[in-house]
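Please keep the sequence and the model side by side while following the paragraphs.

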Amino acid sequence: MTRAQTCHPLDPLTAAEISVAVATVRAAGATPEVRDSMRFVEVVLLEPVKHVVALADAYFFPPFQPSLLPRTKGGPVIPTKLPPRRARLVVYSKRSNETSIWIVELSEVRATTRGGHHRGKVISSEVVPNVQPPMDAVEYAECEAVVKDFPPFREAMKKRGIDDMDLVMVDPWCAGYHSDSDAPSRRLAKPLIFCRTESDCPMENGYARPVEGIHVLVDMQNMVVIEFEDRKLIPLPPADPLRNYTSGETRGGVDRSDIKPLQIIQPEGPSFRVSGHFIEWQKWNFRIGFTPREGLVIYSVAYVDDGRGRRPVAHRLSFVEMVVPYGDPNDPHYRKNAFDAGEDGLGKNAHSLKKGCDCLGYIKYFDAHFTNFTGGVETIENCVCLHEEDHGILWKHQDWRTGLAEVRRSRRLSVSFVCTVANYEYGFFWHFYQDGKIEAEVKLTGILSLGALPPGETRKYGTTIAPGLYAPVHQHFFVARMDMAVDCRPGETFNQVVEVNVKIEEPGKDNVHNNAFYAEEELLRSELQAMRDCNPLSARHWIIRNTRTVNRSGQLTGYKLMPGSNCLPLAGSEAKFLRRAAFLKHNVWVTPYARDEMYPGGEFPNQNPRVGEGLATWVKQNRSLEETDIVLWYVFGVTHIPRLEDWPVMPVDRIGFMLMPYGFFNSSPAVDVPPSASDLDLKETVVAAKPIQNELLAKL
């Protein structure tokens, strides 16, 4: 090699690389006016083709795995260095209201703070017509200031008894797409208004007093209010004495005093090993990445199987979209159907866990770097949390004849991040288990988005939680995109998907006792056939199989997608939000891998006028799935009927799914997990086997 490779091809962009990419694009602007109007929505790694990743893992980065590449006569030809890394930028022009995509080659990047230098080269740029990119926090802050300074708005608030604008909270929401007036020819926001009770209390729950009856439309390009109407004077809800959620006296209450300390300690340190963004733990190994849109990304997931070496499971795992539709047809709630990944960005709204982390034990944190709207680099410190957790019993058995017992405790490795989108918090977790399972979990918490009620009224589309306050019914949907690679090295296309349903045997000579049932498999041969829904009545699940690899029983090796609790949209087929979210109509979709098919609602769902863009359109090609590079899309959700117990803060709700080995191993990979110290102490109390057996025989 001519020089050491400092960044793996899948490592997230460094702060220096982001700066180089932004400077390169800005320098390419034709005039000072063009350069000054550039707003940088997203700067991310342009992920290389899978062969480059395999080459890097085989020869350039530990643990060096030449087996990832196919054997060739005369031995492999190893290049002296990897191709340069590339950045992909989404740039919005405040001047022209145009969105463009730029590809920049990062030829050489060194830290400028150390007197280094940088060089980037524009590979391509194109304007994407008729789209609006995600909103940015800078825009939200400017929008709030503009609305609060708008004289008719101030007058409307005076009618509601509010003179102090410091009490007012303006939450800009993307306009969505309900009619031609929402077309992306304008960059629009339709804010929701709330009002605190005490301006000198920064910890007050401002979402406890929604302001309704005021319609505001903001042109976000020019940052001006273009529509305003005080439609209905609905009194502000009275201050709820239970509205605050901070500790003890700060909320006017008393905290519990009977909780004893619980300490999680690892005196010998963790069992995982970290090298850059490469993780090794309990036969698992994978890489982690992070993007402004998806947040956490898991790459190159593999299991080191004794005797069979490193066995790939998935190339890339992430949460690519989420949609939150509300079920109240009244204004403004009917238009609350946020695409929190595509309109805002899960990663850009991630927390620094320095400010509060729910992880215990020995923790490894990873920072995340982003561009802000004007092109500067911002860092979220301690953004991703990596740690081990005790997870109860892994397996147990006691022999009644001998009295001998074996028990093993389960430990799992968790990788996670948490983000806040307005009033809601979402925690995204990938759990790796010692028995070969992978669990995807989303934890939902935060504060309900409320509506105001006129005195004496109730509303059937929500739950009254305090005088003048109700919480509308709504749903949360998440989309996991899983680029699978079960027993497939890079470049191999040997996967297929099988649906399994449990069937009851018909009465007759094969079922004389009427107790028979069996599992029936069906190969999903094409994309249109693979648009599937969950069915707990038939224990429906799906198996991703390798068509060329078998286990000791001669069965094809595979991994099973095991659904958790789930739902489908509780909306009519003509619901406006389903124009942009047609992918919610089914729980499972399967496509052959295509590099540009990343987001189920298309790359730009904000104000998107095109019906069914993304996944619902791609599958119309009806491509073959019989033996290919499989991408599995799983749509899962929860229907939230709010309770009084969800106020003032909502306890965590958990939903998710499991990827489980299915014939992947020749026997249980959990059998070699050693007993814990408490298990070994237990064995000292076991009585000799023979006397117990004799006693049982005597009783018989």
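In the UniProt record, which is an unreviewed entry, the annotation "modified residue: 2',4',5'-topaquinone" covers Tyr-424. The model in which this position is examined here is a predicted one, and in it Tyr-424 belongs to strand S20, which takes in residues 424–433. Because its relative accessibility is 3% and the limit for a buried residue is under 20%, Tyr-424 counts as buried. Once the neighbours within four places in sequence are set aside, the residues in contact with Tyr-424 are Tyr-326, Cys-419, Thr-445, Ile-447, Leu-448, His-474, His-476, His-640 and Met-650.

Ile-447, one of those contacts of Tyr-424, is also touched by Asn-205, a residue that lies in the loop between strand S7 (192–195) and strand S8 (210–211). Asn-205 has a relative accessible area of 2% and is therefore buried. Its side chain reaches the backbone nitrogen of Tyr-207 at 3.1 Å, while a polar atom of the Asn-205 side chain lies 2.9 Å from the backbone oxygen of Arg-243.

Helix H4, residues 137–148, has 12 residues and spans 17 Å from its first C-alpha to its last, which is close to the 16 Å expected at 1.5 Å a residue. At the start of H4, a side-chain oxygen of Asp-136 comes to within 2.9 Å of the backbone nitrogen of Val-138. Which residues of H4 are buried? They are Glu-139, Tyr-140, Cys-143, Val-147 and Lys-148, and because they cover an arc of only 160° around the axis, they lie on the same side of H4. In general, an α-helix has 3.6 residues a turn, so residues three or four places apart point the same way. The cover over the buried residues of H4 includes helix H5 (151–159), strand S5 (168–171), strand S9 (214–219), strand S10 (224–230) and helix H6 (340–344).

Turning to the whole, the protein chain has 10 helices and 32 strands, and its C-alpha atoms fill a box of roughly 90 × 70 × 60 Å along the principal axes. Its radius of gyration is 28 Å, which agrees with the value near 27 Å that a compact globule of 700 residues would have. Buried residues make up 54% of the 700 residues, and among contacts with a separation of 6 or more, 67% are between residues 24 or more positions apart.

Conventions. Residues are numbered from 1 along each chain as its sequence is written. This is a predicted model: local features need pLDDT of at least 70, side-chain atom pairs count only at pLDDT 80 or more; totals for chains, interfaces and linings use all residues. Side-chain values use heavy atoms; hydrogens and water are left out. Helices (H or I, at least four residues) and strands (E, at least two) are DSSP runs, numbered from the N terminus. The expected span of a helix is 1.5 Å times one less than its number of residues. Buried means under 20% relative accessible area, exposed over 50%, partly exposed in between (1.4 Å probe, protein chains only). The arc is that of the directions from the helix axis to the C-beta atoms. Contact means heavy atoms within 4.5 Å. A polar contact is a pair of N or O atoms within 3.5 Å; within protein, one must be able to donate a hydrogen and the other to accept it, and residues adjacent in sequence count only if both atoms are side-chain atoms. UniProt positions are given in the numbering used here, feature names are shortened, and annotations may be inferred rather than shown by experiment. The radius of gyration is taken over C-alpha atoms; the globule rule is 2.2 Å times the number of residues to the power 0.38.
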